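Please look over the sequence and the model before reading on. The text below goes through the structure one part at a time.

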Amino acid sequence: MSGRELFCQPRRVRRGAALTLVFAGLLVTGAATGAFPDPGQSSDRKTPTGAARAAAGHEDVAKAAAEAMADGKSPMEAAERAVSRSGDRWAAVYSEGEYQEFEEALDGQYTGVGLWARRTADGRIDVTKVQAGSPAAEAGIRKGDRLRSIDGEDVDGRPVTDVVSLLRGDAIDARAGTTVTLGLARGTRAWRETLRRALLSTDSVSVHRLTDGITVIRISAFTRGSGELVRTAVRQAPADGGIVLDLRGNSGGLVSEAVTAASAFLDGGLVATYDVDGAQRSLHAEPGGDTARPLVALVDGGTMSAAEMLTGALQDRGRAVVLGSRTFGKGSIQMPTRLPDGSVAELTVGHYRTPSGHTVDGRGITPDLEVSSGALERAETVLSGLGDPS
């Protein structure tokens, strides 16, 4: 099992809510610019039943929070109770600090010390990577060091998600500048190191080439700028080689970036349709994408939301062979509501569909070829059978 400090599940997910980097990030921007309708604004059109329920849900949560605030109680706790009664499986309430983390993540940033970790078979937590220029790197921590404790808490045998949460300081909404003390070991040496958390940048897109000229583009999440990085990678790929688009474990992100990524492989046309409070909209790729190179998209059960939207577009339009296992099935849209204490509630206001009209939410996307292991090797075989892109 392995983990990263950015796209792990925060504590609120483990309590039953869902923080996934999904449509919400786009909606935060869209609501401010008028690109999406305000759930509370008046309209002459008839509001569908589902949209009416969503609007009522937002009103119920906001009312509960306001009443709690007036009574000197916690608006956030009141909102959480209202959300739990709503029946909305994707609804969630975040503290002000958690939501700030969410927005930082969409910017391709996270607050932490720059460590990647994994749990070994015997339960030890080992450092697998240290980000260059990070507080951990500056302290001399290396790949292979053992992480024994965080702020005095023994981490042996704990899930990596818990370890990451401690490193980030999720329980105290830790910001950049706060300190964390690590207990470390290297060989026979054991020591403690106190680090100051920092706002760090992530690499959500990575590119490497296989020996047969195939370019592998891995997207871990759709943060700001990731779509253009994908387009650049496609332009720089060898003309006589295929492309593997690795979306395994992609937790979603900004839909605008997923559409830009789709534009790298499509010559315009429909990417997805969606509704927000009953208003039907569509998303289109920009013209001029590369439609010639053979393309395989790798997916798994951790492929979510905006990544599923991209997968569905490439599959429905016959642009890619999708290989792997069924995707997660997160195709709903959440709209954020700011509460009196600065916390944020998100309730579902709509869903999106693939170009062929398939609903993703609760169903996921079934790959063209089911593969449980050796997916990259199988992708190479498939690409070799797709022929010369010229």
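Predicted model: local features only at pLDDT ≥ 70, side-chain atom pairs only at ≥ 80, totals over all residues.

F102 has a relative accessible area of 3%, and residues under 20% are counted as buried, so F102 is a buried residue.

The structure contains four aromatic pairs. In one of them, the ring centres of Y94 and F102 lie 6.4 Å apart and the ring planes meet at 50 degrees, so this pair is tilted. In another, the rings of Y99 and F102 have centres 5.3 Å apart and planes at 75 degrees, so this pair is edge-to-face. Y99 is buried too, because its relative accessibility is 3%, and Y94 is likewise buried. Through these ring pairs Y94, Y99 and F102 are linked into a cluster.

Where do Y99 and F102 stand in helix α5? Helix α5 covers residues 96–106, and the two are three residues apart in it, which means that about one helical turn separates them. An α-helix has 3.6 residues a turn, so residues three or four places apart point the same way.

The charged end of R189 sits over the ring of W191, at 3.9 Å from the ring centre. The charged end of K330 is placed over the ring of W90, at 4.9 Å from the centre of that ring.

Now take the chain as a whole. The protein chain has eleven helices and 20 strands. It has 390 residues, and 54% of them count as buried. Among contacts in the chain with a separation of 6 or more, 70% are between residues 24 or more positions apart. The chain exposes about 16800 Å², of which carbon and sulfur atoms supply 47%.

In soluble globular proteins, nonpolar side chains tend to be buried together. The largest nonpolar core here has 42 residues, and the residues with the most contacts inside it are I217, F222, V230, L245, F265, V271 and M309. Helix α10, residues 306–316, gives the most to this core, with six residues. Which residues does L245 contact, leaving aside neighbours within four places in sequence? Its contacts include I217, I219 and F265, a run of residues from L295 through V296 and A297 to L298, and also L310 and L314. Another core, of 18 residues, lies apart from the largest one, and among its members are I125, I141, V155 and V163.

The last stop is A285, which is located in strand β15, residues 279–285. Is A285 buried or exposed? A285 has 9% relative accessibility, so it counts as buried. Not counting residues up to four places away in sequence, A285 touches V259, A262, S263, L266, G268, G269 and V271. One of these, L266, is 19 residues from A285 along the chain, yet their C-alpha atoms are separated by 6.7 Å. Another, V271, is one of the residues with the most contacts inside the largest nonpolar core.

Helix α9, residues 255–263, is mostly covered, with eight of its nine residues buried. The buried residues in α9 are V255, E257, A258, V259, T260, A261, A262 and S263. Among them, V259, A262 and S263 are in touch with A285.

Conventions:
Residues numbered from 1 in each chain as written. Heavy atoms only, no water. Helix = DSSP H or I, 4+ residues; strand = E, 2+ residues; numbered from the N terminus. Buried < 20%, exposed > 50% of the residue type's maximum accessible area, 1.4 Å probe, protein only. Contact = heavy atoms within 4.5 Å. Areas by Shrake-Rupley, 256 points an atom, 1.4 Å probe, with all protein chains shown as cover. Phe/Tyr/Trp six-rings, centres within 6.5 Å; stacked < 30°, edge-to-face > 60°. Lys NZ or Arg CZ within 6 Å of the ring centre and 35° of its normal. Core = buried A, V, L, I, M, F, W, Y, C linked by side-chain atoms within 4.5 Å.
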